[in-house]
Amino acid sequence: MSLFQLNGKRALVTGGSRGIGLAAAHDLIRLGAQVTLAARNEDVLRRAADAIGARWVVADVGTQEGVASAVEAAGQVDILVSNAGGPPPAQPSAVTEEAWAQGFQTTFMSTARLATAVLPGMRERRWGRIIAVTSLTVGRPALNLPVSNAMRAAVTNHLRTLALEVAADGVTCNTVAPGYTATERLNALHADPADAERLKARIPARRFGEPNEVGAAVAFLATNEAAYITGQEILVDGGWSI
């Protein structure tokens, strides 16, 4: 019997047009899953989907309408990968009401709504995977990312709580928490090469991670081999959290 196969499974990956979301989708396809990518930028999304052989839907899953559109386009969802873009940086004392509200919708409610939408089918089929991409800052907050710190921690604990309810139905709920990974967001936050090198020097692996290294952890959690792993946070951080 082949290990780590997802033949016949269908996945919905949000934020799937680039970076970690796209890497995770690529690995799911390589394991045999049929994947639908959801994102907001149609041109980037179409190119990404064509490159890996995925279906696609333009949807803003920070809204109720966007969640409904994404789930409808994906059809049966056996594997949900909720991957929200990070809220913009700010000093904790300077976060506005608007920024808190936006972060709540985009980062927390996107995952909560998506999970609510796909759970009935998963429970009926007695097989499902809900995986959210969060951040190492859930456990080690970054000073300049207060909204992300708070909302990703909320996502983590929501899925831990949900895991308690649905584990007996064959549905697992986990989070993957990347460390410093070479994405567009990291490049924007650490655009100064000297700053980037100082940061790498603090990581035990002495380098930034690659999106495919995080994507592989997501794909593993989707497999039958990970069926007894639920309510967990998997850190992919080059040893930063040791």
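**Salt bridges and burial**

Student: Does Glu-184 count as buried or exposed?

Tutor: The model is predicted: local features need pLDDT of at least 70, side-chain atom pairs count only at pLDDT 80 or more, and totals for chains, interfaces and linings use all residues. Residues are numbered from 1 along each chain as its sequence is written, and side-chain values use heavy atoms, leaving out hydrogens and water. Buried means under 20% relative accessible area, exposed over 50%, and partly exposed in between (1.4 Å probe, protein chains only). At 54% relative accessibility, Glu-184 counts as exposed.

Student: How many residues apart in sequence are the parts that Arg-18 and Glu-184 tie together?

Tutor: Their side chains meet in a salt bridge, 3.3 Å from N to O. Arg-18 sits in the loop between strand E1 (10-14) and helix H1 (19-30), and Glu-184 in helix H6 (residues 184-189), so the pair ties parts whose separation is 166 residues. Helices (H or I, at least four residues) and strands (E, at least two) are DSSP runs, numbered from the N terminus. A salt bridge is a side-chain nitrogen of Lys or Arg within 4 Å of a carboxyl oxygen of Asp or Glu; the gap asked for is 166 residues.

Student: What is the relative accessibility of Asp-78?

Tutor: Asp-78 forms a salt bridge with Arg-125, with the closest N and O atoms 3.1 Å apart. Arg-125 is partly exposed, at 34%. Asp-78 counts as buried, at 2%.

Student: How many salt bridges does the structure hold?

Tutor: Glu-213 and Arg-207 form one of them, at 2.7 Å between the closest N and O atoms. Shared partners join Arg-123, Arg-126, Glu-165 and Asp-169 into one network. The structure's salt bridges number 10.
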